[in-house]
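Me: Could you walk me through how to read a model like this one? I would like the general idea behind each feature, and then the case at hand.

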Amino acid sequence: MYRIISGKWKAKKIAAPRNFDVRPTTDFAKEALFSILENTYDMQSVSVLDLFAGIGSITLEFASRGCQDITSVEMNPKHTAFINATAAELDMALQVNVQRGDVFDWLKKFRNKKSFEIVFSDAPFEMEEKKYQEIISLVLNNKYLKENGVLVVEHQSRMKFDHPNLVDTRKYGNVSFSFFEPNKEEVTEIQNQE
């Protein structure tokens, strides 16, 4: 069970079937995260990529806050069906594009196709650090981030990232969010081509 914190569906409780093995971001951490993002971005005009979308806690939070362009990638077919059904029930079906697939394969397949202001990754907590590093480099090196974009990685607080694009880490109990900026040289290349 999780709830939408703000926006059109503020305080709406979303109950997932009991047999779902999920770990939605806590309300406290989610509230803090969105407070940071809303200080930088206008939710109505950003595009969002939600990796390891689970049962849609982050996806539906963005949609409730008016985001019109959310792509959610999740491997579990029961979870993708749940996100689709919940989005339809809440009148968010046009805002949310659910893609079923392994996040690593998906990121490799769709490289350079579309860029987003916000890429959010909430990989399974037990995933090893080198897989986290792989996600970071797949997102940063394949133009998934717009020039003003941010990659937010949710992870266990005991894991620390050492990365040149890391700009901030915020800790909320055993959950932390690390924020990564886009690669700089790509931006210069694009400006030189114009």
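Me: What is the mean pLDDT of the protein chain?
Reply: pLDDT is the predictor's confidence in each residue, from 0 to 100. Here the mean is 91, and 94% of the residues reach 70 or more. Over residues 186–192, however, the pLDDT is below 50, and this stretch has five contacts in the model beyond near neighbours in sequence (contact means heavy atoms within 4.5 Å). Where pLDDT is low, the predicted coordinates should not be read in detail.

Me: How many helices and strands does the protein chain have?
Reply: Both are DSSP runs numbered from the N terminus, with at least four residues for helices (H or I) and at least two for strands (E). The protein chain has six helices and nine strands.

Me: What radius of gyration does the protein chain have?
Reply: The value is taken over C-alpha atoms, and the globule rule is 2.2 Å times the number of residues to the power 0.38. For 194 residues the rule gives a radius near 16 Å for a compact globule, and the chain agrees, with 16 Å. The C-alpha trace spans about 50 × 35 × 30 Å along its principal axes.

Me: How much of the protein chain is buried?
Reply: Buried means under 20% relative accessible area, exposed over 50%, and partly exposed in between (1.4 Å probe, protein chains only). Buried residues make up 52% of the 194.

Me: Which residues have a positive phi although they are not glycine?
Reply: Most residues other than glycine have a negative phi. Among the cases here, Ala 11 has a positive phi of about 75° and Lys 143 one of about 55°. Ala 11 lies in the loop between strands E1 (2–3) and E2 (13–14), and Lys 143 in the loop between helix H5 (129–141) and E7. Ala 11 counts as partly exposed because its relative accessibility is 44%; Lys 143, at 35%, is also partly exposed.

Me: Where is Asn 148, and what is it in contact with?
Reply: Asn 148 belongs to strand E7 (residues 145–156). Leaving aside neighbours within four places in sequence, Asn 148 is in contact with Tyr 41 and Glu 117.

Notes:
Residues numbered from 1 in each chain as written. Predicted model: local features only at pLDDT ≥ 70, side-chain atom pairs only at ≥ 80, totals over all residues. Heavy atoms only, no water.
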